[in-house]
Amino acid sequence: MQMTFRARAVIATILTLTIAMSVSLFNSQISARTAKEEITTRSLVGSYLAGRFARGDNNPSQAARFYRSALARDPGNVVLLEQTFLMETTGGNWPQALRYAERLVKLKPNHRTARMLLGISEFKAKKYAKARKHFKRGG
């Protein structure tokens, strides 16, 4: 028994729609799960690599979360501190970014981006002399 072209086209369309709906449902379930669950890592290297991946995926808030986790395991690591600061700044999390900027300038006194953010914060608070010092120290 041979199917007509129209019958084969209908079957192909039904199969395509079924697959598309299944994939869409699967993706929505994964998105809902990852939005609800906190993704964690168990090691310093895992947190760092996950942070780099999230940063490359243009997800600064997730990257900052991973970098914070890595930084908690190695608080004196300047690279982790700088990455955490940059991701908090990029994500617009200003209170956290300011905290990390203050820590960062203690270890790297002439860090331009940290000094700029601290200077803007002082300027906004109308502390112009302190703002000027930050701007000068940042180059």
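Mentor: We shall discuss the core, the salt bridges and one further residue in turn. This is a predicted model, in which local features need pLDDT of at least 70 and side-chain atom pairs count only at pLDDT 80 or more, while totals for chains, interfaces and linings use all residues. Residues are numbered from 1 along each chain as its sequence is written, and side-chain values use heavy atoms, with hydrogens and water left out.

Trainee: What is a nonpolar core, and which residues touch the most other members of the largest one?

Mentor: A nonpolar core is a set of buried Ala, Val, Leu, Ile, Met, Phe, Trp, Tyr and Cys residues joined through side-chain atoms within 4.5 Å. Buried means under 20% relative accessible area, exposed means over 50%, and partly exposed lies in between (1.4 Å probe, protein chains only). Here the largest nonpolar core has 20 residues, and Phe 85 and Ala 114 touch the most other members. Two or more residues come from each of helices H2 (44–56), H3 (60–73), H4 (78–90), H5 (94–107) and H6 (112–124). H3 provides the largest share, 6 residues. Helices (H or I, at least four residues) are DSSP runs, numbered from the N terminus.

Trainee: Which residues does Phe 85 touch?

Mentor: Contact means heavy atoms within 4.5 Å. Leaving out residues up to four places away in sequence, the contacts of Phe 85 include Tyr 100, Leu 104, His 111 and Ala 114.

Trainee: How many salt bridges does the structure hold?

Mentor: A salt bridge is a side-chain nitrogen of Lys or Arg within 4 Å of a carboxyl oxygen of Asp or Glu. The structure holds 2. In one of them, the side chains of Arg 68 and Glu 88 meet at 2.3 Å, N to O. This pair links distant parts of the chain, 20 residues apart, with Arg 68 in helix H3 and Glu 88 in helix H4. Arg 68 is partly exposed at 26% relative accessible area, whereas Glu 88 is buried at 3%.

Trainee: With which residue does Glu 82 form a salt bridge?

Mentor: Glu 82 pairs with Lys 108, the closest N and O atoms being 3.9 Å apart. Glu 82 lies in helix H4 and Lys 108 in the loop between H5 and H6, 26 residues apart. Lys 108 is partly exposed, with a relative accessible area of 33%.

Trainee: Is Leu 118 buried or exposed?

Mentor: Leu 118 lies in helix H6 and is buried, because its relative accessible area is 5%. Leu 118 and His 134 are 16 residues apart in sequence and 6.6 Å apart in space, C-alpha to C-alpha.
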